[in-house]
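Please read it with the sequence and the structure in view.

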Amino acid sequence: FTTYGAGKLSDGDGVVRLVYAGNIVPQTDSYPAELYPTRNMHIALRSMLEQGLAIDLLGVPYDDHDAVGFEVYKALAGEFPRFRMMDGIPPDRLAETLCQYDYAINLFHVDMKVLRISEACMRAAMPAKLFSYLEAGLPILVHSEYENMAGFIASNGFGLAVHTSEIGGIAARLKDFDYEGAVAKIKAYNVEHGMDRKIGRLIALYGEIMGRS
């Protein structure tokens, strides 16, 4: 599914464009802030939009953005012309859509005084969307509060690990970020870890599991 495209949406106007692809948690009682840190993503989005960045949210294909709970995002779209809430894209076409952007994000508003998820969950979380972002050749912005996720991105030079308290300064940090260097590292990683090279390990793992059953 790796696709890098031939150009960026920002080529025409120079406005840095961020994209989030994945589940968008609605503001309802079924998704309490104590258990769903992404419920407050709109707080982080507002901060980044106020810095002049453009952001598109790509939900999952079965999301209904007209449902109750998404009003806060519709309000953002009405206030900021550079914000859009868009339909999700099937996996086989996701990379060709994502590659038009400058950066991918997995940022929200982490409030450790509210969250009640375990330290182990915070430490180990590694969302699959990160690898969809890499397939599109995009540098990624993630939360430093999530140890494994932040370590994977920052140590490999794939993007930036940002603390919630630092989101207000993201635009300035991006100006000094080695964008081309990060893209080169991502493309090299994709070559090294592509299915054609790693499928043998996966088959062996399945074989080992089946042998134990």
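In this predicted model, Y189 has a relative accessibility of 18% and therefore counts as buried, since the limit for that class is under 20%. The ring of Y189 pairs with that of F158, and because the two centres lie 5.2 Å apart with the planes at 70°, the pair is edge-to-face. F158 belongs to the loop between α6 (147–155) and β6 (159–162), whereas Y189 sits in helix α8, so the contact ties together parts that are 31 residues apart in sequence. F158 is itself buried, with a relative accessible area of 2%. Both residues are members of one aromatic cluster, which is formed by F131, F152, F158 and Y189.

A search of the whole structure gives 8 aromatic pairs. Among them is the pair of Y103 and Y179, whose ring centres are 5.2 Å apart and whose planes stand at 80°, so that this pair too is edge-to-face. Y103 counts as buried at 4% relative accessibility, and Y179 counts as buried at 18%. A further ring contact involves a charge: the charged end of K187 sits over the ring of Y4, at 4.7 Å from the ring centre.

| Pair | Distance between ring centres | Angle between planes |
|---|---|---|
| Y103 and Y179 | 5.2 Å | 80° |
| F158 and Y189 | 5.2 Å | 70° |

Which way do the residues of β4 point? Y103 and I105 point one way from the strand, while A104 and N106 point the other way, and all of these are buried. On one pairing, β4 runs parallel to strand β1 (residues 17–21), to which 2 bridges join it, and L18 has Y103 as its bridge partner in β4. On another, 3 bridges join β4 to β5 in the parallel sense, with N106 standing opposite V142 in β5. Strand β5 (residues 140–143) in turn pairs with β6 in the parallel sense over 4 bridges, and V142 has A161 as its bridge partner in β6.

The largest pocket holds about 410 Å³ and is lined by 14 residues, of which E135, N190, H193, G194 and M195 lie nearest its centre. Two or more lining residues come from each of α5 (129–135), α8 and α9 (195–212), and α9 gives the largest share, 5 residues. Helix α8 therefore takes part both in this lining and in the contact between F158 and Y189.

The largest cavity contains about 40 Å³ of space, and its lining consists of A33, Y36, P37, N40, H109, D111, V114 and L115.

Note on methods:
Residues are numbered from 1 along each chain as its sequence is written. This is a predicted model: local features need pLDDT of at least 70, side-chain atom pairs count only at pLDDT 80 or more; totals for chains, interfaces and linings use all residues. Side-chain values use heavy atoms; hydrogens and water are left out. Rings of Phe, Tyr and Trp (its six-membered ring) pair if their centres lie within 6.5 Å; planes under 30 degrees apart count as stacked, over 60 as edge-to-face and the rest as tilted. Buried means under 20% relative accessible area, exposed over 50%, partly exposed in between (1.4 Å probe, protein chains only). A charge sits over a ring if NZ of Lys or CZ of Arg is within 6 Å of the ring centre and within 35 degrees of the ring normal. Two strands pair if DSSP finds at least two bridges between them. On a 1 Å grid over the protein atoms alone, a cavity is a set of points where a 1.4 Å probe fits but cannot get out, and a pocket is an open set with protein on both sides within 12 Å along at least five of seven lines; lining residues have an atom within 4 Å of a point. Grid points are joined across faces, edges and corners, and a volume is the space filled by probe spheres set on the points.
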